[in-house]
Amino acid sequence: MVDLIWLVPALPLAGFIVLIFAGRRIGEPGAGWLATGVMGGSFLATLGVFIDMAGRSTHDRRAVVTLFEWIPAGDLSVDIGFLVDPLSITMCLFITGVGALIHLYSVGYMHGDDGFARFFAYLNLFMFAMLMLVLGDSLLLTFLGWEGVGACSYLLISFWFTEPANATAGKKAFVTNRIGDWGFMVAMFATFFTFGSLNYVDVLDASTAGTVAQGTATLIAVMLLVGAVGKSAQFPLYLWLPDAMAGPTPVSALIHAATMVTSGVYLLTRMNPLIADSAGWVPDMVAWLGVGTALFAATIAMAQTDIKKVLAYSTVSQLGYMFLAVGSGAYVAAVFHMVTHAFFKALLFLGSGSVIHGMDGDQDMRHYGGLRRFMPVTTGTFVVGWLAIAGVPPFSGFWSKDEILTFAWNKSPVLWALGLLTAVLTAFYMTRLIALTFAGESRYAEQRTGEEDAEAATRRADHTPHESPRTMTAPLVVLAVLAVVAGFVQLPFSSSTRWLEHWLEPSLYANEVHLGTGGATQVLLAAIAVVGGLVGIGVAVAVYVKGRIAREPFEQPIFADAWRIDRSVAAFMGGPGRRGFEATNRFDGQVVDGAVYGVAGLVRRLAGVLRMFHNGMVRTYATGIGLGAVALLAWFLTRSTL
Amino acid sequence: MVVTTGWYLALGAALFSMGAVGLLVRRNPLVMFMCVELMLNAVNLTFVSLGAELGDLGGQLSVFFVLVVAAAEVVVGLAVIVAIMRRRSGATVDDLSVLGG
C-alpha cells in the first residue's frame, strides 16, 4: 500500500490538468464534482497508506518511495520521492480529508460564478502542491510545494481579480511570503553545505547522530524559522493573512486556515533534530514569538467588524499557539493542535461563508444578528466550532490547547500565563462573533449608519437571509462531528491513551520534551484553562447578549486598527522605503548597467577606428597583401642562416 | 646560347611583377582578373622550372593543384563579374567599394 503513495498527489495533479484544458467544456457543476472526486480518491489512497503504516511496528514506520531521479547535478542529486512516515501521513490525512470537504462545499458556494472551472483547477493545483510539500523526501521537494502553494494562494486570493483590492491583496501575500522564502532558501543552502544532501533521512539521521556543530544547526534552524514565520503568518510577517480574506471563503478555509498556513509548523516539526542541536535560545525565541503573536492577534480579533477578519486574526493567534508548542518542545501538541484547528477553523470559515452566502455577500457583522432563525444548520455547526475553539471540554480544541498550555507551564509559567490570557480573549472574541451573528434581533433590514438611500433598507427587507444548499451544509456537519471527536486521538489521562504521541514517535527522534509537571498540577492547569474560557464567554455574553456592560472598553480603536502596524508599514514603504527602492534602482541603472554599457561603448569606438581600414577598395587590399608578402619575405631572408 | 633554369625563373619573376602591377593599377575587374591569372601562371612556371632543375616531381604536382584552384576561381569570379556588369555596366572596382563593410 505504501508504494501507492504517489497516487495521493498525482490525483489532484491529474484533476488540475484536465480542468485547466477542458474545464470550460465540462462546465458547471461537472468541473466541481470532478475536482471533489479526485480529492476523495486522494483521501482514500492516504487512508490505505495510513492503515498499512498503523499496522507496522515503530521502527518500520518510515519508508522512502522514490519515483525517479529529478536533478542529477554533481554532488547534488534530488529524486522525486516521498517520505512516508507518521508525520507526513498525519498531515496528508487531514489535508486530503478537509480538502475534499471544502471542494464539495465549493460546488455550492461557487455556483453561478464565471470562473467556476478555473476555481477548481486552482484548488486542485493547490492540493497537489500542498501534498508535495508534506510528502517530499527532501527539502528541495518541500520547497517546490512551498512555492507552489504560495503561487496558488496568490491565484486564489486575487481570484476575482477585476476588483483592484483583491489583486493588491494577492500581491501583498506573495511579496510578504518572499521574505520567508528567502529564509527557507538560505536554510537549504546551509543544509546542503553542511550535510552534502538535502534528503530528510540523511539530514535528520546525521543531525540526530550529533555530527553537527551547534552554530551551524542554529543558523539553519533560525533561517527555517524565518521561512516558517512567513508562511505561517507569525509576527512580523503576519500582515498578508488578514488581507488574504479577499479570496473566496472556501479558499480562506482551505488555504488560509487549515492547510497552507500550517506548513511552517510542519517544517519546524519535521526538522526537530536540528532545533534540538541548535543553541538554547532558538526554542525560547520560537516560544516567545508564538505566544506574542497569539496574544497580539487575539486583541486585534476582539474589535474587528468583518466576520472573516475576526477569523483571520484568530487563525494567526492559533498558529501562534502551535509555535508556542514547538518552542516548548511539544511537537506532538503542535501537530495535535494543527489537526484540531484544521477541523474547527475550517468549520468556522465555511460557516462564515454560509452566512455570507445567505446575506448576499455582506461580511459586516453589524448587519447580521438573529440569523439562527434563518440558518439552523449553519448555526448549529458554528456553535460546535465556537465551543471547540473556546476550549470547552470535551470539544477537540480543549484537549489540544490544554496540552500546549501544560507544556508551556513546563517551560515557563510566564508563557503559560500569556497563553491563558490568549485563551480567555479567544473565548471572548468568538462569543462576540456568535452573539453578533446568530443571537439577538435581525438587523439586516435596519437603516444603516451613513446610508443615504432611505429605500435601501426596505428593499433588503424583502430579501430574507436563507440557509445554504446541501452541498454546503453537508461538509459543515461532517466537520462539526470531527471538531467534537478529534480531541480523542490524544487524551492526557494515561500513557496508553496518548495515541497520537505513540503514532508520531518515529518522526520525532525522541526530541519531545518530557513533562516534569505532576498529575495534580496538570488537572489544576486544565481547570484554570476551562474557567478562563468560561470567563471569556461569560463576559462576552454580558456585553453582547445582555448588554449589561458597555462595548467600548473592549473594542479599543487601536485593536480595530490592528495596533496601527499595517498602516505604519504601508506609510514606511510609501515614504522612506520607496526612496530606498528608487536609490537602488538608480544604483542599478547607473553603476551596474553603466559598467555593462561602458564596456560595450569602448568596443564600439575601437571598432570604429579599425573600420577605416576596411574601405571596400579591392586595390587597397591587394596592396596590403603585396606589402605583407614583401615584409614576410624580408623577415625570413634576414633571419635566414644561409 | 643555352637557356638555363635562370632564364625561366627570370621570366616567371617578370610575369609575376607585371601581373602584380597590373592588379594594382587597373580598375577594370576583367583586366584585374586576367592579371591574377598571369601571376598564378608565373608561379606555375617557377614551380615547373625548379622541379626540372632539382629533379623533383613535387614541382609539377603543385602546378596541378594551382590549375584546379585557378579553374574553380575562374568559374566563381567570372560569374560574379558578369552579374555585376549586367547590373551596372562599365563599373570599375572602385565603384564597387560600396560592398565594403
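Of the 101 residues in chain B, 12% are buried. The model described here is predicted.

**Elements of chain B**
- Chain B contains three helices and zero strands.
- Read from the N terminus, the order of elements in chain B is α-α-α.

**Dimensions of chain B**
- The radius of gyration of chain B is 17 Å, whereas a compact globule of 101 residues would have a value near 13 Å.
- Along the principal axes, the C-alpha atoms of chain B occupy a box of roughly 50 × 25 × 25 Å.

**Contacts within chain B**

**Contacts between the chains**
- At the meeting of the two chains, 10 residues of chain B are in contact with nine residues of chain A.
- On the side of chain A that touches chain B, five residues are polar, three are nonpolar and one is charged.

**Domains of chain A**
- The division of chain A gives domain 1 (1–137), domain 2 (164–279), domain 3 (294–446 + 480–560), domain 4 (563–609) and domain 5 (612–642).
- Domain 3 of chain A is written as two segments, 294–446 and 480–560.
- Taken over C-alpha atoms, the centres of domain 1 and domain 4 of chain A are separated by 43 Å.

Note on methods:
Residues numbered from 1 in each chain as written. Chains lettered and ligands numbered in written order. Predicted model: local features only at pLDDT ≥ 70, side-chain atom pairs only at ≥ 80, totals over all residues. Helix = DSSP H or I, 4+ residues; strand = E, 2+ residues; numbered from the N terminus. Rg over C-alpha atoms; globule rule 2.2 N^0.38 Å. Buried ≥ 20, exposed ≤ 12 C-beta atoms within 10 Å, placed from the backbone. Contact = placed C-beta atoms within 7 Å. Nonpolar A, V, L, I, M, F, W, Y, C, P; charged D, E, K, R; others polar. Domains from an automatic or database assignment.
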